[in-house]
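Me: I would like to go through this structure residue by residue and then as a whole. Please state the cut-offs behind each term as we go.

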Amino acid sequence: MLLGTHTPKLDDKGRVILPSKFRDDLGSSVVVTRGQDRCLFLFSEKEFERQYEKIREAPLTNKNARGFQRMFLAGASAEKTDSQNRITIPPHLRTYASLERELIVTGVGDHAEIWNADAWNAYAAGHEDVYSDMEEEVIRS
């Protein structure tokens, strides 16, 4: 399970070193794609295929399902880690998430998220006050 918050740097070639605690779960083949809130989602190849199977179940006659599938899959990029455990984030995804040198990589259970550090800090600050109120809605007894 992917957990925690990490602060790797994006290098000049658009590469980022994956947090060591994530490497076993993600493996050497990953998929990076658009996430919500202008972050990127990072999946192991196996987890991405599992997510895709869920998306495939939505009817193509549903406009929202088609739109979600397009955005999720059209932006996806399969990447292999190099000998230094880095992946390259393609330019279109760096632009989408406004990635600069300073990054935040968070573990979100079955996937990781890659954020522009300023965007993450603003998101976290804006959601801190309502965090405790979310529990009742998200976790059902």
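Me: In which strand is Phe41 found?
Reply: The model is a predicted one, in which local features need pLDDT of at least 70 and side-chain atom pairs count only at pLDDT 80 or more, while totals for chains, interfaces and linings use all residues. Residues are numbered from 1 along each chain as its sequence is written, and side-chain values use heavy atoms, with hydrogens and water left out. Helices (H or I, at least four residues) and strands (E, at least two) are DSSP runs numbered from the N terminus, and on that basis Phe41 belongs to strand β4.

Me: Is Phe41 buried or exposed?
Reply: The classes rest on relative accessible area with a 1.4 Å probe and protein chains only, where buried is under 20%, exposed is over 50% and partly exposed is in between. Contact here means heavy atoms within 4.5 Å, and, not counting residues up to four places away in sequence, Phe41 touches Val31, Val32, Phe72, His111 and Ala112, among others. Because its relative accessibility is 10%, Phe41 counts as buried.

Me: How far apart in space are Phe41 and Arg86, C-alpha to C-alpha?
Reply: Along the sequence, Phe41 and Arg86 are 45 residues apart. In space, C-alpha to C-alpha, the separation of Phe41 and Arg86 is 16 Å.

Me: What is the relative accessible area of Cys39?
Reply: Cys39 sits in the loop between β3 (29-34) and β4 (40-44). Leaving aside neighbours within four places in sequence, Cys39 is in contact with Arg34, Tyr96, Ala97, Glu113, Ile114 and Trp115. Cys39 is therefore classed as buried, with a relative accessible area of 1%.

Me: How far apart in space are Trp120 and Cys39, C-alpha to C-alpha?
Reply: Trp120 lies in helix α5, residues 117-138, and, apart from neighbours within four places in sequence, has contacts with Ile104, Thr106 and Trp115. In sequence Trp120 and Cys39 are 81 residues apart, whereas their C-alpha atoms are separated by 8.5 Å.

Me: How many residues does the largest nonpolar core have?
Reply: A nonpolar core is a set of buried Ala, Val, Leu, Ile, Met, Phe, Trp, Tyr and Cys residues joined through side-chain atoms within 4.5 Å. In soluble globular proteins, nonpolar side chains tend to be buried together. Leu26, Leu40, Leu42, Ile89, Leu99 and Ile114 have the most contacts inside the largest core, whose size is 20 residues.

Me: Which elements each supply at least two residues of this core?
Reply: One of its members, Leu42, is in contact with Leu18, Leu26, Val30, Ile87 and Ile114, among others, when neighbours within four places in sequence are left aside. The elements that each supply at least two residues of the core are β3, β4, α4 (91-96), β7 (103-107) and β8 (112-116).

Me: Which residues are included in the second, separate core?
Reply: This second core is separate and has eleven residues. Included in the second core are Val31, Phe43, Ile104 and Trp120.

Me: What is the phi of Asn85, which is not a glycine?
Reply: Asn85 is located in the loop between β5 (77-80) and β6 (86-88), and is partly exposed, with a relative accessible area of 26%. Another residue with a positive phi that is not a glycine is Asp37, at about 65°, in the loop between β3 and β4. For Asn85 the phi is positive, at about 60°.

Me: Is Lys63 buried or exposed?
Reply: Lys63 is part of helix α3, residues 63-74, and its C-alpha atom is 34 Å from that of Glu100, 37 residues away along the chain. With a relative accessible area of 65%, Lys63 is exposed.

Me: Why is the protein described as being as compact as a globular protein of that length?
Reply: The protein has five helices and eight strands, which run β-β-α-β-β-α-α-β-β-α-β-β-α from the N terminus. The radius of gyration is taken over C-alpha atoms, and the globule rule is 2.2 Å times the number of residues to the power 0.38. For 141 residues that rule gives 14 Å, so the description rests on a close radius of gyration of 16 Å.
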